[in-house]
Amino acid sequence: MLTYAPVSEAGGVGKTTTSATLAASHARAGHDVLVIDMDTQNGSLTYFFGPDYDRGDPEVDNLVRHLVGRPKGDFHDLTIEVEEGIDLIPSHNMLEDLHEFLLNEKDQAENFGESYSMYHQLHRVLRDANVRDEYDVIIVDSAGKAGPTLYNALVAVRNVVIPFEATAKGQESIEGLDDLVDGLEQSINIDVGVLAVVPIGYKDTRDQREILGELRESGFPVPVVIGERGSLMEGCWRQQCSPYTYVEEHRDRKRDYELETLEQFDELARHLEKEAGLETPEVTA
């Protein structure tokens with residue numbers, strides 16, 4: 001099984017579009033994919049795929065209820081098929097209060113002399129639901145900020161993919177993530193692997209070439225470098241679908257640079273699958 005979370009402390013680097021595009025590539029290669037939206041602020045991945053779902057409905061069962069041991073139904077009923085081969089667990093407004101909910105659970109457990117890890121609850125929920133029997137790939141999209149939501153995501157998936165802005169700001173976020181991962185590994189005793197760093201919006205300027213060189217020399221895996229594709233991604237957000245569906249169903253003609261971008265995401269997806277020892281049954285696009 002391949003499990004990872006696209007993570008960056010910098011905003012606006014394409015984390016959610018990376019999650020959605022890779023999920024679509026994995027699915028088109030014949031894998032069963034579960035994507036989990038743990039964005040605490042705006043549920044970007046949920047909006048991206050556009051399912052009929054009210055994230056503000058307090059009565060609806062949602063992932064947070066399962067994380068704090070108060071589900072209103074079966075875990076599998078949380079999923080919504082958003083494209084062929086892709087199930088989504090949508091974000092819910094209760095995620096904004098997840099830290100407080102988990103602290104309450106921790107206090108209650110300790111009052112009864114029980115141990116409780118705030119950061120292992122997503123791992124517990126996925127394990128108890130036997131997701132390994134149903135899915136080949138799990139992707140967790142979070143807001144990327146240090147805290148219980150991100151820590152739960154990392155403990156559950158153990159791997160990260162880092163969308164990277166090839167600027168001084170992006171380079172700083174890589175260094176910050178290194179510190180974050182090191183701190184997490186030390187505090188809760190797990191290893192977190194970096195499967196890939198993905199430069200996005202690369203324009204091949206002199207400064208960007210130097211930063212890319214430094215990135216590669218640092219030892220991070222950089223399997224693909226993706227150029228500026230703002231119009232493609234904006235179209236996906238507008239139509240609320242993956243780039244593959246957007247090009248196939250919403251473009252009146254094929255554009256070489258967009259097809260090249262899809263091929264690069266396919267190359268990245270195959271790299272990630274290979275890292276996890278996941279066989280690719282059939283590439284359909």
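## Charges and the basis of the model

In what follows, Lys and Arg count as positive and Asp and Glu as negative, while His and the chain ends are not counted; the place of a charge is taken as NZ of Lys, CZ of Arg, CG of Asp or CD of Glu. On this basis, the mean positions of the 25 positive and 55 negative charges of the protein chain lie 4 Å apart.

This is a predicted model, in which local features need pLDDT of at least 70 and side-chain atom pairs count only at pLDDT 80 or more, while totals for chains, interfaces and linings use all residues. Residues are numbered from 1 along each chain as its sequence is written, and side-chain values use heavy atoms, with hydrogens and water left out.

## Overall fold

The protein chain has eleven helices and eight strands, where helices (H or I, at least four residues) and strands (E, at least two) are DSSP runs numbered from the N terminus. Its radius of gyration, taken over C-alpha atoms, is 19 Å, close to the 19 Å that the globule rule (2.2 Å times the number of residues to the power 0.38) gives for 285 residues, so the chain is as compact as a globular protein of that length. Along its principal axes, the C-alpha trace spans about 60 × 40 × 35 Å.

Buried residues, meaning those under 20% relative accessible area with a 1.4 Å probe and protein chains only (exposed is over 50%, partly exposed in between), make up 53% of the 285 residues.

## Two nonpolar cores

A nonpolar core is a set of buried Ala, Val, Leu, Ile, Met, Phe, Trp, Tyr and Cys residues joined through side-chain atoms within 4.5 Å. The largest has 45 residues, and among those with the most contacts inside it are Ile36, Met38, Leu63 and Phe75. Helix α6 (residues 148–157) gives the most to this core, with six residues.

Leaving out residues up to four places away in sequence, Leu63 is in contact (heavy atoms within 4.5 Å) with Ile36, Met38, Phe75, Leu78, Ile89 and Leu122. A second, separate core of 36 residues includes Leu195, Cys241, Tyr246 and Leu278.

Thr261 belongs to helix α11 (residues 256–275) and is buried, with a relative accessible area of 0%. Beyond its neighbours within four places in sequence, Thr261 contacts Ile226, Arg229 and Leu232.

His250, in helix α10 (residues 243–250), counts as partly exposed at 36% relative accessibility. Not counting residues up to four places away in sequence, His250 touches Gln239, Cys241 and Thr245; the C-alpha atoms of His250 and Gln239, eleven residues apart along the chain, are separated by 8.1 Å.
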